[in-house]
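Please keep the structure open while reading.

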Amino acid sequence: MSGKELVQNLLDFIDASPSPWHVVKTIEAQLATQTPPWQRLDETAKWALQPGGRYYVVRDDSSIVLFVQGQKPPAETGFKIIGAHTDSPGLRIKPNAASGADGLVRLGVEVYGGPILATFTDRDLSLAGRIAYKNDQDQIARMPVKFDQPLLRLPNLAIHMNRAVNEEGLKLQKQTELPLILATSTEEQLPPAYFSALLQQQSGIAAERILSWDLAVYDTQKGAFWGAESEFYADSQLDNLASCHAALQALLNADGIDATRVCALFDHEEIGSQSNKGADGSFLPDVLGRIALATATDSEDYARALAKSFMISADMAHAYQPNFPNAYDPGHKVIVNKGPVIKVNANHNYSSESVSAAMFVDWCEQAGVPYQTYSHRCDLPCGSTIGPITSAKLGIRSIDVGNPMWAMHSLRESAGVLDHDYMIRVMKRFFAE
């Protein structure tokens, strides 16, 4: 595929995946079209792995680890791992969400992670996630739910009532000013019952059987190319579904056969990764340990495998925005469409160090891909990734990289068409090493 075709594929991937639960479903749907087939493994069952086999494991519907079993044991080759995350910052619907006053039904929300809240105003919003319910066998089941139509809105306050908005910026009080308008209220239908009826209509599950839900707010506007030569693209959730998509494409199309290749895509990165399915949980160590057990010849083989392993932690990077030059270190301006970014932080908010950086540079040069290096301003707090967490937990060498993007954590983010192809190419080179 050309670079533009790859990005269109990415935009389709994002638009089909408005929540972490849908990300995993979208990936599973793509795996179902592959030849040879991919096999889903159950964590509660025994595993029988074959060299060259293609497998994946899902934990709690929104984290997934995919791997291609190498022809050689991991103790000989190590694991080649790319990690990314399936979640994005935004708004989540509260349990007792629906309320009515002044002739309107509103849904209460809670802020998830660190979104730019002002970007949620005046957008065509809707809901996506999963519900948990009692099925016909009286067992707890769950299913993904997505409302395709614009369902919600957060109307801005007119400038006549907020005269300082252009000088001081839009500031939203999280408890009182974020509830989203859903409908006109009527005396016949109480707001909670109205919301339950909506869930029933969308899911086909009787309202009285729906016990709970995880619902994210998403923007219904589709991804698009922009720029004089369509050299940029915009969508929600580029952080970090662009990295998930690149890792998946590299895994599906890599040439390496000796080493076991792994993609670990975690939920909950935006809130610290500390959960049973986050990067700070046991998911990846559990999977890698079981892969090693399938090929181990003695008790030291897993430790030997980890000692030979490497992980690329892929998360998006801050592109230079020339309207705001003072936000950047002048010696580390990374430019859209100029290649993947090596992210460096002396306090180890990123896992990169001189050896792992040199290895990534070598892979870029082998793939014919340009590269850049980013360091945050010293007087601004630096974000972090799954890289340091996973590297410390497993004891493996790691690097943090990402493609440059604008407006990180906005509801509408932007990046460069060339960079997505560059990232896939260097990831393929890593897997083939």
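**Sheet, helices and cavity**

Strand β11 pairs with strand β12 (residues 232-235) in the antiparallel sense, over three bridges; two strands count as paired if DSSP finds at least two bridges between them. Helices (H or I, at least four residues) and strands (E, at least two) are DSSP runs, numbered from the N terminus. The model is predicted: local features need pLDDT of at least 70 and side-chain atom pairs count only at pLDDT 80 or more, while totals for chains, interfaces and linings use all residues. Residues are numbered from 1 along each chain as its sequence is written, and side-chain values use heavy atoms, with hydrogens and water left out.

F225 has Y233 of β12 as its bridge partner. Helix α11 (residues 417-432) packs on the sheet and touches β11, β12, β19 and β20, contact meaning heavy atoms within 4.5 Å. The direction of α11 makes about 70° with that of β20; axes are lines fitted to C-alpha atoms, for helices over the stretch in contact, and angles run from 0 to 180 degrees between N-to-C directions.

The whole sheet is open, with five strands in the order β11-β12-β20-β19-β15 and mixed pairing. Its edge strands, β11 (224-226) and β15 (317-318), each pair on one side only. Helix α6 (residues 238-253) lies across β12, β19 (404-406) and β20 (413-416), at about 40° to β20.

What does the lining of the largest cavity divide into? The residues are eleven nonpolar (Ala, Val, Leu, Ile, Met, Phe, Trp, Tyr, Cys and Pro), seven polar (the others, Gly among them) and four charged (Asp, Glu, Lys and Arg).
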